[in-house]
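Here's a quick tour of a protein model, written for someone who likes to see the cut-offs. Have a look at the sequence and the coordinates before reading on.

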Amino acid sequence: MLSKRYAWADRSRCVACGACANECPRGAVEILHGCFARMDAERCVGCGKGAAVCPADCITLLEREARV
C-alpha cells in the first residue's frame with residue numbers, strides 16, 4: 001500500500017548535492033548525471049527527511065491522488 005504523500009524535487013533548483021539521497025531511509029532518491037535528484041514516487045513514503053536536509057529547498061511533499 002502506498003503512503004498518502006511522496007516527495008518531488010524541482011530540478012531547476014536542485015544542486016545535486018546528494019543530501020536527500022543520503023537521508024532517504026527507503027533509497028527512493030538518486031542523483032542523475034550529477035545534475036539533479038530524481039524521486040521514485042513508488043518507493044517514497046513521504047517522510048520529509050530528504051526535504052528537511054535539502055540546502056536548495058527544492059523538495060516538496062505532495063499528496064497522492066486517490067485511486068478508484
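## The salt bridge

Glutamate 30 counts as partly exposed, at 35% relative accessibility (buried means under 20% relative accessible area, exposed over 50%, partly exposed in between, with a 1.4 Å probe and protein chains only). Its partner is arginine 38: the two form a salt bridge, with the closest N and O atoms 2.8 Å apart. Arginine 38 is partly exposed as well, with a relative accessible area of 30%. A search of the whole structure turns up 1 salt bridge, the term meaning a side-chain nitrogen of Lys or Arg within 4 Å of a carboxyl oxygen of Asp or Glu.

Some housekeeping: this is a predicted model, where local features need pLDDT of at least 70 and side-chain atom pairs count only at pLDDT 80 or more, while totals for chains, interfaces and linings use all residues. Residues are numbered from 1 along each chain as its sequence is written, and side-chain values use heavy atoms, with hydrogens and water left out.

What the side chain of arginine 64 does reach is the backbone oxygen of cysteine 44, at 2.8 Å.

## Two cavities

The structure holds 2 cavities of 30 Å³ or more. On a 1 Å grid over the protein atoms alone, a cavity is a set of points where a 1.4 Å probe fits but cannot get out, and lining residues have an atom within 4 Å of a point. Grid points are joined across faces, edges and corners, and a volume is the space filled by probe spheres set on the points.

The largest cavity has a volume of about 140 Å³. It is lined by 17 residues, and Ala7, Cys24, Val29, Cys44 and Gly50 are the closest to its centre. Helix H2 (49–53) and strand S4 (59–63) each give at least two residues to this lining, and H2 has the largest share, with 3 residues. Helices (H or I, at least four residues) and strands (E, at least two) are DSSP runs, numbered from the N terminus. By class, the lining has 12 nonpolar, 2 polar and 3 charged residues (Ala, Val, Leu, Ile, Met, Phe, Trp, Tyr, Cys and Pro count as nonpolar, Asp, Glu, Lys and Arg as charged, and the others, Gly among them, as polar).

The second largest cavity holds about 60 Å³ of space. Of its 13 lining residues, Cys14, Cys17, Cys20, Cys54 and Cys58 are the closest to the centre. That lining divides into 12 nonpolar, 1 polar and no charged residues.

## Positive phi in two loops

Most residues other than glycine have a negative phi. Histidine 33 has a positive one, near 55°, and its place is the loop between strand S2 (29–32) and strand S3 (36–39). Histidine 33 is exposed, at 73% relative accessible area.

Aspartate 57 also has a positive phi, near 50°. Aspartate 57 sits in the loop between H2 and S4 and counts as exposed, at 54% relative accessibility.

Key: 1 Å grid on protein atoms, 1.4 Å probe; cavity = no way out; pocket = protein on both sides within 12 Å on 5 of 7 lines; lining within 4 Å. Polar contact = N/O pair within 3.5 Å; in protein donor to acceptor, adjacent residues only side chain to side chain.
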